[in-house]
Amino acid sequence: MRDPELVSCAQRAAAELERAWGHWRAGRGRGADGAAESVASYVAHSLDHPWGRPRVVLGLDAEDARELAALLERQEIGERVW
């Protein structure tokens, strides 16, 4: 049975991620080609992760996934410099 609190938490996190992703894409002139497409969804639990932790699943195309990976790597490198 799904815990309504965990589902709600995951839904909120997915919505926040959708907004942030939309803003990031729009800032790079890429908002129009995929703005209506949802990239985040939620699951109440995962078979591979401990119960009691809500999960958010990303569904990005390959180009967007590479850009997100590069963005996160640049962020990590920037944090190490400080």
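1. Contacts first: among pairs in the chain at least 6 residues apart in sequence, 46% link residues at least 24 apart. A contact here is a pair of heavy atoms within 4.5 Å. Keep in mind that this is a predicted model, where local features need pLDDT of at least 70, side-chain atom pairs count only at pLDDT 80 or more, and totals for chains, interfaces and linings use all residues. Residues are numbered from 1 along each chain as its sequence is written, and side-chain values use heavy atoms, with hydrogens and water left out.

2. On the fold: the chain has 2 helices and 2 strands, in the order α-β-β-α from the N terminus. Both kinds of element are DSSP runs numbered from the N terminus (helices: H or I, at least four residues; strands: E, at least two).

3. Of the 82 residues, 20% count as buried (buried is under 20% relative accessible area, exposed over 50%, partly exposed in between).

4. The salt bridge count is 1, taking a side-chain nitrogen of Lys or Arg within 4 Å of a carboxyl oxygen of Asp or Glu. The partners are arginine 25 and aspartate 64, with their closest N and O atoms 2.8 Å apart. Arginine 25 sits in helix H1 and aspartate 64 in helix H2 (residues 62-81), so the pair ties together parts 39 residues apart in sequence. Have a look at the burial too: arginine 25 and aspartate 64 are both buried.

5. The whole structure gives 1 aromatic pair. The rings of tryptophan 21 and tryptophan 24 have centres 5.1 Å apart and planes at 15°, so they are stacked. The rule pairs rings of Phe, Tyr and Trp (its six-membered ring) with centres within 6.5 Å; planes under 30 degrees apart are stacked, over 60 edge-to-face, the rest tilted. Tryptophan 21 and tryptophan 24 both belong to helix H1 (residues 4-27), 3 residues apart, or about one turn of the helix. Both tryptophan 21 and tryptophan 24 are buried.

6. Valine 56 lies in strand S2 (residues 55-58) and is partly exposed, at 34% relative accessible area.

Technical notes:
Buried < 20%, exposed > 50% of the residue type's maximum accessible area, 1.4 Å probe, protein only.
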